Amino acid sequence: MLVAEPDRLTRWSIEAYFRTRYSVLSASNIHEVRDILKSRPIDALVISDEFPEAEIDAIQALARSRNARIVILRTVTDPARRRTVAGDGTLLIEKPFKLSALALMLGGQSTQEH
């Protein structure tokens, strides 16, 4: 699982919550996210909408090119920026959210995946 989140506390909270169930990697900026995705395939990506839209789209495309079955969940801070890419399968969850709700959305992933 890769958590792409610029906010340190949010990133830490997600990491801590999922650490016992997933191998969790995290990144605070798009460059780190890209480096991680290029170095290994990821089974789940949780990415913040606080990154530029074009960068998010590029990251999601890279993630899908590395693993066609990846689960991508976008955390949405600003409901006005919320958009659904038709047919791309990205899940959306609005901040603030309960970590248990995030876990339910990622529920299809086994505890052995990352």
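Two strands pair if DSSP finds at least two bridges between them; helices (H or I, at least four residues) and strands (E, at least two) are DSSP runs, numbered from the N terminus. Residues are numbered from 1 along each chain as its sequence is written. The model is predicted, with pLDDT of at least 70 needed for local features and 80 or more for side-chain atom pairs, while totals for chains, interfaces and linings use all residues, and side-chain values use heavy atoms, without hydrogens or water.

**View 1. Strand 1 beside strand 3.** Strand 1 (residues 2-4) and strand 3 (residues 44-48) run parallel and are joined by three bridges. Leu2 stands opposite Leu45 in strand 3.

View 2. Five strands with parallel pairing follow the order 2-1-3-4-5. Strand 2 (25-27) and strand 5 (91-94) are at the edges; each has a single partner strand, so one side of each lacks a neighbour in the sheet. From one strand to the next the twist averages 20 degrees (axes are lines fitted to C-alpha atoms, for helices over the stretch in contact; angles run from 0 to 180 degrees between N-to-C directions).

**View 3. Helices on the sheet.** Helix 2 (residues 30-39) packs on the sheet and touches strand 1 and strand 2, its direction making about 145 degrees with that of strand 2; contact means heavy atoms within 4.5 Å. Helix 3 (residues 53-66) lies across strand 3 and strand 4 (71-76), at about 165 degrees to strand 4.

View 4. Glu5 is in the loop between strand 1 and helix 1 (8-18). Its relative accessibility is 1%, so Glu5 counts as buried (under 20% relative accessible area, 1.4 Å probe, protein chains only). Leaving out residues up to four places away in sequence, Glu5 touches residues including Arg11, Ser48, Thr75 and Lys95.

Terms used
Buried < 20%, exposed > 50% of the residue type's maximum accessible area, 1.4 Å probe, protein only.
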